[in-house]
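The exercises below are meant to be worked with the sequence and the coordinates side by side. Try each task before reading its solution.

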Amino acid sequence: MPEPVDAVEMRTALAGLRRTSGLPVVFGGLLSDARHARIAELNGAQTSALRGLVISAGSGLGGKAIALARPCAVTDYPASRHISHEYDTAVAAEGLRSVVAVPVVVRRAVRGVLYGALRTPVSLGDRTFDAAVAAARDVEQALAVRDEVRSLLALTREQVDGPGTAPGAWEDVREAHRELRALAPRVADPALRDELLTVCGRLASASAARVPAEVRLAPREVDVVACVAAGATNAAAARQLGLRPETVKGYLRSAMRKLGAHTRLEAVVAARRAGLLP
């Protein structure tokens, strides 16, 4: 089963979907295995009939979307001949009629399903349909970032927790540190983000030769200096961090001032000596 915190992305996307589309009811959940999704997040529901419902691939509207890996919709759920009706009792209890279901697909694997619904049997317009698809894409991107973070964390734990880092492996450590720092602001789950930043801190102080100094940089200042250490220009750092080049320049100037550095190279060296970078 997915960890409960994995629902953060779905909850955020559903709230945004209801706000932007005007749909009165939105709900969804992530897959617990290759063929089953559990409805764990609801927004606008008047009953608890849908909560905890397990959707099987191929069954009902959501199951059809999971099986086909594409959005599906019905104008009148109870009367539709294009879906099976295993979940009619729960749907009727909530009074849903017009429903759209959009699968959440990450790297060609269905990871969840998101629904939007009306309590009247009217055709959903393109704007509503597009909003539901966009919300699913938001979940997909968030889960892709989560997957990348977890993969990087797994790769770096050996460096952090092992007996030591071989001299030739430092560039790998530095690259992992830079990538993790760049991903941190995009992680919605606070617990995973805290774990990520903790590992970054341990990577930065992994060398016994580094003695932390009394230098305090803001998180984004560290991010920028880490990009500079990898050879990135201000424009490249801006792309990697999702910032404007002018903003990167401002963070870099502030970091250099705090580090007592006059050049980019001096800033990188000072940050490493201070234990802020590996």
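**Exercise 1.** Which residues are buried in α7?

Solution. This is a predicted model, in which local features need pLDDT of at least 70 and side-chain atom pairs count only at pLDDT 80 or more, while totals for chains, interfaces and linings use all residues. Residues are numbered from 1 along each chain as its sequence is written, and side-chain values use heavy atoms, with hydrogens and water left out. Helices (H or I, at least four residues) and strands (E, at least two) are DSSP runs, numbered from the N terminus. Buried means under 20% relative accessible area, exposed means over 50%, and partly exposed lies in between, with a 1.4 Å probe and protein chains only. Applied to α7, this cut-off selects R220, E221, V222, D223, V224, V225, A226, C227 and V228. Because 9 of the 11 residues of α7 are buried, the helix is largely enclosed by the rest of the structure. After the helix comes G231, with a positive phi near 95 degrees.

**Exercise 2.** Describe how α7 packs against α8.

Solution. Two packed helices are described by the angle between their axes and the distance between the axes. Axes here are lines fitted to C-alpha atoms, for helices over the stretch in contact, and angles run from 0 to 180 degrees between N-to-C directions. For α7 (residues 219–229) and α8 (residues 234–241) the axes come within 9 Å and cross at roughly 125 degrees. Angles under 35 degrees count as roughly parallel, over 145 as roughly antiparallel, 65 to 115 as roughly perpendicular and the rest as oblique, and α7 and α8 are therefore oblique to each other. The contact, meaning heavy atoms within 4.5 Å, is made by R220, D223, V224 and C227 of α7 together with A237, Q240 and L241 of α8. Sorted by class, this contact has 4 nonpolar, 1 polar and 2 charged residues, where Ala, Val, Leu, Ile, Met, Phe, Trp, Tyr, Cys and Pro count as nonpolar, Asp, Glu, Lys and Arg as charged, and the others, Gly among them, as polar.

**Exercise 3.** At what angle do the axes of α9 and α10 cross, and which residues meet?

Solution. The axes of α9 and α10 (residues 264–273) come within 9 Å and cross at roughly 60 degrees, and the two helices are therefore oblique to each other. From α9, L252, M256 and L259 meet R264, A267, A270 and A271 of α10. By class, this contact of α9 with α10 has 6 nonpolar, no polar and 1 charged residues.

**Exercise 4.** Locate K258 and list what K258 touches.

Solution. K258 lies in helix α9 (residues 245–259) and is partly exposed, with a relative accessible area of 38%. Leaving out residues up to four places away in sequence, K258 touches V215, R216, L217, A218 and E221. K258 and V215 are 43 residues apart in sequence, yet their C-alpha atoms are 6.9 Å apart in space.

**Exercise 5.** How many disulfides does the rule give?

Solution. A disulfide is a pair of cysteine sulfur atoms within 2.5 Å, and by this rule the count is 0. As for individual cysteines, C72 is buried, with a relative accessible area of 5%, and C227 is buried, with a relative accessible area of 1%.
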